Structure formats: C-alpha cells, structure tokens
There are 2 protein chains.
Amino acid sequence: MNDIKKGIQYAFQTSNNMTLAMSGSGHTAMECAVFNIVEPGESVLVAINGIWGERVAEIAERMGMKLIIKIMPAHCFLEIHPYLLRPVLFFLTHGESSAGLVHPMDGVGDICHKYNCLLLVDSVASLGAAPILMDQQNIDILYTGSQKALNAPPGTAPVSFSERACHKMFNRKTKPVSYLLDMTHLSNYWGNDGKPERIYHHTGPVSGFFALRESLAIIAEMGLENSWSHHTEIAEYLWKGLEDLGLKLFIKDKDLRLPSVTTIAIPEGYDWKELLAYIMKHHRIEFTGGLGPSVGMVLRIGLMGYNCNKANAAMVLAALEDALKQCRKSKA
Amino acid sequence: MNDIKKGIQYAFQTSNNMTLAMSGSGHTAMECAVFNIVEPGESVLVAINGIWGERVAEIAERMGMKLIIKIMPAHCFLEIHPYLLRPVLFFLTHGESSAGLVHPMDGVGDICHKYNCLLLVDSVASLGAAPILMDQQNIDILYTGSQKALNAPPGTAPVSFSERACHKMFNRKTKPVSYLLDMTHLSNYWGNDGKPERIYHHTGPVSGFFALRESLAIIAEMGLENSWSHHTEIAEYLWKGLEDLGLKLFIKDKDLRLPSVTTIAIPEGYDWKELLAYIMKHHRIEFTGGLGPSVGMVLRIGLMGYNCNKANAAMVLAALEDALKQCRKSKA
C-alpha cells in the first residue's frame, strides 16, 4: 500500500500525504470526493463538457446540495463569476472520454482558490496519456481509474486530496452519508492519518492492488513524459489517417483533443450503428459510438496504455476504410 | 454475468431474478441494500450480535433513518414486538465473524413479514460453510463476499433481492443517495430489468467477475451440502482439539458456532497480543484477536473454503499448544 501511494504521487505529480487507491472504479472515487467534501445544503459548481459532469451533477442533487450547472462548450475556457451561492467545490473533467476532449487546466485552480472553492478533477481517461500536474496546477482532488492508460485490471481507483481539501473534509459538521467511502476510515486504512495502527474498515481488492502497484511501477520506469509523448505520437498518426479517409474529427482544435480517446463526427450518409456492427463482424474490432450526450454524434476509438501503438492504429484505419466502402455500397 | 447470476442463485438457494454481484466488498452490498430499500425518515431494526449490526446501525443513522437497535445476546432468538415505529427493514447477521456465531434463521422471515418488514441478512462469513436457504427461509435480501468460503479474490459481492424487496425499492419516492449503488442502474447493468439493452453504468472489476464465476462453478460441482458438512467436520475436529488443550470456546452451544470462524475465550493468565505475536513469529500463522465488540475477549481462527482442511487445523492446534506453553513460561 505504501508503494501504491508513492506510485500515485508520482503519476499525479503531487506530494500530498492523503494519496491512496479506492476499492472500486473511477466512479467510486468520484462519489467519495463529493460525499466527503460537501455537506448537504452547500453549493457545488459542475462544468458539463460531457457525461462525467452530468454524473457529478446527479450525485450532488441526490445529496441535497445546491447545484449550479455551467454547460461548457468544448473550446470554452473557464470563468467563475462571484455567484450568489458561493460553491465550495468545482468539478471539471480533464479527459472527457465522451467528447474526446482534454480540458486545459492551467489557471483553473487559481480562480477556484480566489473564491475559496476547491477544485475536483476527473482524469480517468487522461492520466498517463495527457499531461496533468496536480500540485503545479493547484488541483485539490484528483482521481483516475486503474484500467485506462495505467493498464491494470478495473476495480481500483487512485485518488489524492490536497491539504486544503483535507481541511474541509476533516472539519465538517456532519458525517458523510457513506460509511464505505468515509475518508476518516479510508485514511486510517491507508496509514495516512499519522496513527501507528491501521484499523480494519473493509476488505480491499487485494489482487487488484498488487496489479495497480505493478502498473504504477511500469509508468514510473517509463517516465510520465515518455508516456505522454508516446500517446500523442500515436494519436497524431491516427488523426492524420482519419483525415486522409475524408473523416472529420469531432474536436477541431488539435490542442483540445484527448490522445487516448479519439472522437470522429459521424460521416454523412452512414448509419453509425451499421458501421460499428460491420467492423465488429468483419474485423473483430470494437469501436464504440458516443456516450451520454455524444450518442449519435460520434464514433470513438480508444488507444491507451498497452493498447496504444502504431500497429493497432493502422489496423483501426484499415477496418474503418473498408467499412466506409462497404456500408456506403449497401446503402446504394 | 449470466453464469454468475445462476451460480449465486444456486449458492443462495433462490430463484430470485434480481440476483447479481456487486463491484466491491461485502460492505458495498450492505450499503447498497440499506441505501436502496430504506428512504430517509423510515425506521430500521438492527440486531446487534457483533460488529456487523453496529455497521448497519451506523449506515442507517448517517442516512437520517429512525433507528431501533436491539442488542441480542448470542443465544437469544428473535422477538419483534409491534413497535410504535414500525421498521421497514430488519437486519440480522447470519455468520457473525466477530463473535464466531451462526444465528438461527428459521422463522425470522415469517415474523418480519407478519409486520410488513423486509429481512436483510449478512452471510459474508457463513455462505458455503453453514446452511442458509434464501427462499425457504423467507429472506428478502441476502449478500455475501467473494473471499470467504467462496475462495475468490476479494472485490466482488453476491447479492439477491426478493420480489417483495424489489417492490419496495423500485417504488420509492426519493432516489437512493448513491448513484454508484442505485439498483435501478445495477439491475440494468446485470440484465435483470427485462430491457433488451444493458447500458453502461460503471466499469466492473472484470477479472474479479471471472474469478467469482469460477468459484461459483466449483461450489456447484462440489455441492452445497458437501461444502457445509466438510466445514462442520473440520470445525468439530478443531473444537475438540482446542478443548483438549484446556481452552474454552466463546460460543458454548455447539449449534450456534460458526464453522468457518472459531472464537476462543482468551485463557486466563495470558496476554492475547503476546499469543498472536508468538504464533506469527514462530509458526508464521496469522491468528487474529477480536473484531469490534469482541476485541480483548477472544482469539479467532478462520478455516474456510480452500483453507479448510484437517492439516491446517492440526497445524493451528500445534502452534497454539506451543504458544500456551511458551507464553506462560515467559510470564513466570
């Protein structure tokens, strides 16, 4: 567990003591952050740039929080106005896998702190694929999943809390609604609370923790910068290939594209479900459609971690080229 | 997932359609049941016969439920009086691992249903080791963990809901506070809601599910009755050996002893921590002390699933015999 903590500190680029892995998926870390940081009646600001913001808005509403939703177009930078209901937490997705968007992070933390608001960031789809620097970018709570660019099996989720976030969550008036996700217990379980003894709280997914430890060791050996540039290189090869096929990428600005998940605008004259079914049947590759708000708008290609290499990108391009020919023919 | 569902139906002896595995530990299933069944302001009755009842009481209090706690001595059978605050849910632990107790189940469901109350049972430590028959015993919600007598790695938790329980949880006025544990989504994820399409909700612990599937297949091949009688046989061998060493078992009535976890009253003149440390150091066996309310009262020995065999029981007895000699000496 101590090795995992160190590995996450490196992957997140943070020196936060309150760094651990959740026993669950990225969604567990998402609920854990909201449940522990915010008390009922407080306000939360959620940036909705795809499905993950929708989720956090739903969680906050279920908890009886006052919710301010800000719909954010993909290319829009953040502006927090001094709202009448001052939010205690701002949620932003770094790697929006439903949109294929990587959201710029610089300056966001500073604006949040100016208004005494904590910054919660989802990096499930982006960590290891696109740069994110927790301490330097003043992110208060950051989480990711084990099963994306980190390559471990699903079921564990790295998360880290800044001192500012700890101060808020350990000085609340009410207990978090979930005992399972209560950071008072989890911080003791992970030996982060300074007490000599760790006390049983729940049975963690032990095999999953061993796998996560190894995956964090691999990314540390490779180096974050190398992992980022590798993902960018393969993504750029894929994007060029897609454009050569006459396809349009959903995110126009290259700097805002998520290297690990590429979204293609559905080409005119095609049924997207037919394209996916054709590729699955004839090439045995699983493309997906959109997710949440992007359903019916995009096709999505995931190339991350172990799966991210030129051979796979070329195979995907060949399959798509064939599908574009065959599925058009079948319409004629 | 369909195989897992069938395997759980066999292990639980139920034909409930709403049968699935949680993406988490037994505690996740516990919170899921309470979060989905009970609405804020409703009453819950909790039998506290060890640590698990304490947990459920804590969860219910955090959710703003009215709580009625009934402290139950180990040998006491259930009596529900027509309380002023009629509980909608009664929680009882079948295999109380902190006490080493297996609680009788016959008749409990009938009394609950007479008062229009649902019966929630924790069988984490007992399933596969001691008989429990969900349908026959009128249990409305039953859960267990993957890592006890089922032998799979920790991180998944079988759970099943009766039609009565489904009626209550799918006709509630408010949404459950947790999106992660919302059974509306989970029942769709597991294909139990009758809809043709399963919709993404979270990323399940896929490797854990494969392991659980195999462990359920193994217990089905062995047969539940054989698994129960095997655990009983080894437990009786252990109990006799312990009594031959002059030790007293914490649960006096043999019929109320949990075969998978044996509790020994701490012998007079010994420091229990010293005993555990000695056995760990000299025999490399991890005994544990009590858990929650039984800390300082008992030593605990777990023999379950793969680990449950005569050779292990004999090894444990030899280690304990040595420790009893040596640790007394060191006191002299």
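Start by selecting Lys148(A), where UniProt, in an unreviewed entry, places the feature "modified residue: N6-(pyridoxal phosphate)lysine". Keep in mind as you look around that this is a predicted model. You will find Lys148(A) in the loop between strand 8 (141–143) and strand 9 (157–161) of chain A. Is this lysine buried, exposed or partly exposed? Its relative accessible area is 25%, so Lys148(A) counts as partly exposed. Now show what surrounds the side chain: leaving aside residues up to four places away in sequence, Lys148(A) touches Val124(A), Ala125(A) and Met304(A).

Next, stay in chain A and pick Arg257(A) together with Trp239(A). The charged end of Arg257(A) sits over the ring of Trp239(A), 4.9 Å from the ring centre. Hop over to chain B and select Arg257(B) and Trp239(B): here too the charged end of the arginine sits over the tryptophan ring, 4.9 Å from its centre.

Now colour the two chains separately and turn to where they meet. Chain B brings 32 residues to the contact, and chain A brings 32 residues. About 2700 Å² is buried between chain B and chain A, with carbon and sulfur atoms giving 58% of that area. On the chain B side, highlight Arg62(B), Val177(B) and Tyr179(B): they lose the most area to chain A, together 27% of what that side buries.

How many salt bridges are there between chain B and chain A? The count is four. For a salt bridge to look at, select Glu58(A) and Lys175(B), whose side chains meet at 3.1 Å, N to O.

Aromatic rings come next. Over all chains, the structure holds four aromatic pairs. Select Trp52(A) and Tyr200(B), an edge-to-face pair with 6.1 Å from centre to centre and 90° between the planes. This pair crosses between chains: Trp52(A) belongs to helix 3 (residues 51–62) of chain A, while Tyr200(B) lies in the loop between helix 6 (183–189) and helix 7 (206–222) of chain B. Trp52(A) is buried, at 11% relative accessible area, whereas Tyr200(B) is partly exposed, at 34%.

For the last stop, select Trp190(B) and Phe209(B). Their ring centres are 5.2 Å apart and their planes stand at 85°, so this pair is edge-to-face. It links distant parts of the chain, 19 residues apart: Trp190(B) is in the loop between helix 6 and helix 7 of chain B, and Phe209(B) is in helix 7 of chain B.

Notes: Residues are numbered from 1 along each chain as its sequence is written. Chains are lettered from A and ligands numbered from 1 in the order in which they are written. This is a predicted model: local features need pLDDT of at least 70, side-chain atom pairs count only at pLDDT 80 or more; totals for chains, interfaces and linings use all residues. Side-chain values use heavy atoms; hydrogens and water are left out. Rings of Phe, Tyr and Trp (its six-membered ring) pair if their centres lie within 6.5 Å; planes under 30 degrees apart count as stacked, over 60 as edge-to-face and the rest as tilted. Helices (H or I, at least four residues) and strands (E, at least two) are DSSP runs, numbered from the N terminus. Buried means under 20% relative accessible area, exposed over 50%, partly exposed in between (1.4 Å probe, protein chains only). A charge sits over a ring if NZ of Lys or CZ of Arg is within 6 Å of the ring centre and within 35 degrees of the ring normal. UniProt positions are given in the numbering used here, feature names are shortened, and annotations may be inferred rather than shown by experiment. Contact means heavy atoms within 4.5 Å. Buried area is the accessible area (1.4 Å probe) that two parts lose on being put together, summed over both.
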